[in-house]
Amino acid sequence: MMQKRSITQKLSRLLANNAVPVIFIFISAGAIPLSGFSATYLIQELLIRVGRNSFLILSLLVPIMAGMGLNFGMILGAMAGQIGLVFVSDWAIVGIPGIVLAMIIGTPVAVALGLLCGNVLNRAKGQEMVTSYILGFFINGVYQLVVLYFMGWLIPIASPSLVLSRGYGIRNAISLLGIRTVLDRLLPLRVGPFDVGSFHLDVVNIPVATYIVIAAFCFFIVWFRRTKLGQDMRAIGQNMAVADSAGIPVNRTRVIAIVISTVLACYGQVIFLQNMGTLNTYNSHDQAGMFSIAALLIGGASVSRAGIGNVFLGVVLFHLMFIVAPMAGKNLMGQAQIGEYFRVFVSYGIIAVALVLHAWNRHNERVDARRSLRGPTDAKAKEAA
Amino acid sequence: MRKTVRKKRQAIHVFKKFVDMAGWPRIIIGIFLFSLFMAAPFVGVLISTSLSNTLERFGMNGVLVLAMVPMVQAGCGLNFGLPLGIISGLLGSTLSIELGARGIGGFAAAIALSVPIAVILGYGYGQLLNRVKGDEMMIATYVGFSSVAFMCIAWLLLPYRNPTMIWGYGGSGLRTTISVNGYWFHVLSDFWAIKFGHFLFPTGMFLFVALMCFLIWLFMKTKTGTAMTAVGSNPEFARASGVNVDRMRIVSVVLSTVLGAVGILVYEQSFGFIQLYMGPFYMALPAVASILLGGASVNKASIWNVLVGTFLFQGILTMTPSVINNVLQTDMSEVIRIIVSNGMILYALTRKVQVKR
């Protein structure tokens, strides 16, 4: 009796844990033929997008390890990266040095913001996600204050092409022509054309240097998990009270986790924007947070458990949908707008579903734990009767 | 000598009590707002216009902020899922226009149409929130967002026919903004409105907001309302005294959603437009910020918090563009709004834990 229940429980839990990627594979499988895109186009687009977004998504892993949930505060790091890019384009530093310099400028800003975020989150334990989410909005206000009013007034900006016509404040869109795709083009690799049976593939470009950076980051994560600090974070993620009594400085470690995440998000945003080629000064960071989190969750990660595999599965599935949905919507309903809204709906809906599943699982586990405590006494009571 | 010391102490004591009661954020924001009103005449802003604008916005947003109260009281946290209620209101208002209902009857029809939708959506939403206790706020946020995005698709596909609402060229799909002019524009605001000079007092809207507040106050005094408050303050205790916790929470969520629907209708009749598509997306944040500014915490809120908070928040929203812009010659109001509203929410979220310790 007990055995049976546990098997069905295991099955349902397995399905609950992997429901999201499975659903997505089905949606994509349906939508790809509807969109009518060629395999070459899809693969090329995916290669570009995986290179563009993976770094940002990887930055979410460290706080999850420390049990702090999805770091909605990663947009703080994205903003720091953008501040670096504004300065670099003002000083007209092009190529790889420009990217590196943008990261160097962004780092202290990201560290400061990460420290702030970590300390705020330590005051709101158990509510980290909603707090980091609102903190993102709050710092966005401060960011606007700095970029829209202080830059060009208190903070000197030389290039008139960056500054609004009124004399201060940064323009809404900045062209990053000097550093556009320099990392992607550093080590170019062209593959194809192929013919495997009836499957035909034209020439695709692979941005090797970007992938090397991403691979290096993955190794960093793997290595970091094994360090003392990484182990501490995992212990805190398991149980904060036990970790505390084991002598791990809980608050300090949590702050470090957020700082690492914020700094990495800053680098991730620089890599993202060098591929895009334009910086939407007031919007780019907003989308970075939402899309990264949605992608990670689509990859089958949960609020408390996420690995490198989830990142890559998620980024592929999410962007497959991203490319395909508008065309599929147009071909199916006659309106591209519908596919566009469907995309937005799925991005938000998936976060909602993942959060619900996580909370639900936790709730069920609590109920199970209570039941397992009650189990033997029930049996004894029956025996007695 | 001793007497003055004692008096001084007494004054300090009274001051401390006042600070404790009002809280520093409210005092600072209140002083800020007061100084804005003081500064207004010197920078060429008419006080009468600003005051009547503030009052109008107060009326527009009052019910939306009131929609926070039931859920906070029942321990479901801040209702970041307010867009769900707003969507019900939008459905009701577009349906009433589709039916061609005009005047006060049209407004009543809009309410009558949106309330059942809100009850159904709120019930489902409440069922969901009961399964995710402890994580309500984050999930509510994303339920709100995804329902708004879902409705974006629905607004394009729903078979509305009224030519004032659908796109002219395509012949189908609702417009992003729909004028309620000629239907029920200002039906509440102009009812018994008092006007002298630049000052206009929208009596009808205020009466309506007052009625809503009174009904909620009355509800909170009933047996169900008391049980709901008990659930919010201590769910274990409430369960032990025989209160059905899950049911109370659902009642509160339904009530919040219905108030959100009615709130957006009051907003629209004064504003003059129905904003569809991404319009309701960020509407929860100002309402959440308002009630927190009024002194509510994540698990305690009163009608008084609603009134004070809405007045302070909307006051700042009206006064900063006119006054600050005249002083600095720039439009900083948007940035100030973002910083104040989110700062307020952050303050409340970080404070709750401190109190617990």
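**Helix packing and chain contact**

In chain B, helix α6 (residues 103-131) and helix α11 (residues 245-271) have axes that come within 7 Å and cross at roughly 145 degrees, where axes are lines fitted to C-alpha atoms, for helices over the stretch in contact, and angles run from 0 to 180 degrees between N-to-C directions. Helices here are DSSP runs of H or I with at least four residues, strands are runs of E with at least two, and both are numbered from the N terminus. The crossing in which α6(B) passes α11(B) is right-handed, a crossing being left-handed if the near helix is turned anticlockwise from the far one by less than a right angle and right-handed if clockwise. By class, this contact of α6(B) with α11(B) has 17 nonpolar, seven polar and two charged residues, with Ala, Val, Leu, Ile, Met, Phe, Trp, Tyr, Cys and Pro counted as nonpolar, Asp, Glu, Lys and Arg as charged, and the others, Gly among them, as polar.

The model is predicted, so local features need pLDDT of at least 70 and side-chain atom pairs count only at pLDDT 80 or more, while totals for chains, interfaces and linings use all residues. Residues are numbered from 1 along each chain as its sequence is written, and chains are lettered from A and ligands numbered from 1 in the order in which they are written.

Helix α5 (residues 82-98) of chain B also packs on α11(B), at an angle of about 55 degrees and with the axes 7 Å apart. That angle makes α5(B) oblique to α11(B), since angles under 35 degrees count as roughly parallel, over 145 as roughly antiparallel, 65 to 115 as roughly perpendicular and the rest as oblique. α5(B) passes α11(B) in a right-handed crossing, and the contact of these two helices has, by class, 10 nonpolar, eight polar and one charged residues.

Chain B as a whole has 14 helices and four strands. Of its 357 residues, 50% are buried, meaning that 20 or more other C-beta atoms, placed from the backbone, lie within 10 Å of the residue's own.

Turning to the two chains, 36 residues of chain A are in contact with 32 residues of chain B, contact requiring that C-beta atoms, placed from the backbone, lie within 7 Å. On the side of chain A that touches chain B, the elements that give two or more residues are α6 (128-150) and α13 (336-384) of chain A. The residues of that side divide into 25 nonpolar, nine polar and two charged.

Terms used: A residue is buried if 20 or more other C-beta atoms lie within 10 Å of its own, exposed if 12 or fewer, and partly exposed in between; C-beta atoms are placed from the backbone.
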